[in-house]
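This briefing concerns a single protein model and is arranged by topic. Please keep the sequence and the structure in view while reading.

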Amino acid sequence: MPLSLRRGTVTAIVELHAELVRLEVDGIACVAYPRSTGPVEVGDDVVVNVQARELELGSGGFDVLHVNLTRGLGLEPEPGAHVMTLPYTSLQRAVPHGEEVALADSLGGLPVVCCSLHSQVVPVCAALRGAEVAYVQVGGGALPVSLSDAVRALRAQRLLALTVAAAPCVDADVQTVNVYSALAYAAASGADAIACAVGPGIVGTGTALGHGGLAAAHAVDAAAALGGRAVLAPRVSRGDARPRHRGLSHHTQGILRVCLATPLVPDELEPERWREACAGLPLSHMGRGPDDDPDFFAAAFAAGRLARSLLT
């Protein structure tokens, strides 16, 4: 299916961050990534990609600014950058990569919590409170790290110190070519622990192998290969209406099936005081909060607590 592009006018700026703008184009919700497409203001003449909305794709069904015809043409590349993100697409742009700065030779036993869903990251980081935590995003959901409100909230509460985008993901504090170099960069940066997950809006087909959560298996294997200690955050639920996700999700079972390394998995999935530790943080999974699906958040918190116990 080709791109579905529409031309329109920016009619409102709803939410403004350095790395993300939520706006309206002709009254319709849209997001823009200004580090890619430049600044945007009310009245700008823009082209947006409307396909996800027209296909009614749930959480991903909003328009995305493709190009700003008013102030987004003729933008200069970042000085000194020469490695492309999203290479050989019309969205390719050069950004500095972490590999050009420093990579650790080994993770040296660093705990790496591998999540199959982005909504597990908040309880994981809550359990790691007090540690210097780096977040590594891998492909399998949204590609821009800057889309995540959860990551912004964790940064604001100093529960995350660094964000790293492992290609094909983009738009983080640091860009890297793959998950191996992303983990090695996080270790070189001085992180005590790493939370690794797909971005918001997991890709899914309803099958055991055709879902973005399998990226957690790559993260497990990469962490083990580099001398880290991989912890898998299990996906557990009593609130999900789909039988395949009740109890221990078939996603987690599939990850364990294909991992070459054996991750640590928490035994105790209802840790004490997890609610208190997560108070004030945005806990949300497919519209369900901690009262609707407590098992989901408690299990992710348990993985973070297990990783915390590995810190020396």
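Which residue in S3 does Val-21 stand opposite? Val-21 stands opposite Ala-32.

The model is predicted, so local features need pLDDT of at least 70 and side-chain atom pairs count only at pLDDT 80 or more, while totals for chains, interfaces and linings use all residues. Residues are numbered from 1 along each chain as its sequence is written, and side-chain values use heavy atoms, with hydrogens and water left out. Helices (H or I, at least four residues) and strands (E, at least two) are DSSP runs, numbered from the N terminus.

- Strands count as paired if DSSP finds at least two bridges between them.
- S2 (21–25) and S3 (residues 28–32) pair in the antiparallel sense over five bridges.
- Two residues lie between the strands in the hairpin of S2 and S3, where Asp-26 takes a positive phi near 55°.
- S3 is also joined to strand S5 (residues 63–68) by two bridges, and these strands run parallel.
- Val-31 stands opposite Val-64 in S5.

**Helix H4**

- Ala-150, Val-151, Arg-152 and Leu-154 are buried in helix H4 (residues 149–156); buried means under 20% relative accessible area, exposed over 50%, and partly exposed in between (1.4 Å probe, protein chains only).
- The buried residues of H4 pack against strand S2 (21–25), helix H3 (121–127), strand S9 (133–138) and strand S10 (162–166), where contact means heavy atoms within 4.5 Å.
- At the N-terminal end, Ser-148 caps H4, with a side-chain oxygen 3.3 Å from the backbone nitrogen of Ala-150.
- Arg-158, which follows H4, has a positive phi near 60°.

**Arg-288 and its loop**

- Arg-288 is located in the loop between helix H8 (274–277) and helix H9 (294–309).
- Arg-288 counts as buried because its relative accessible area is 15%.
- Its side chain makes a polar contact with the side chain of Asp-293 (3.3 Å).
- A polar contact is a pair of N or O atoms within 3.5 Å; within protein, one must be able to donate a hydrogen and the other to accept it, and residues adjacent in sequence count only if both atoms are side-chain atoms.

**The aromatic pair**

- The structure holds one aromatic pair.
- Phe-296 and Phe-297 form this pair, which is edge-to-face, with 5.1 Å centre to centre and 85° between the planes.
- Rings of Phe, Tyr and Trp (its six-membered ring) pair if their centres lie within 6.5 Å; planes under 30 degrees apart count as stacked, over 60 as edge-to-face and the rest as tilted.
- Phe-296 is buried, with a relative accessible area of 0%, and Phe-297 is buried, with a relative accessible area of 0%.
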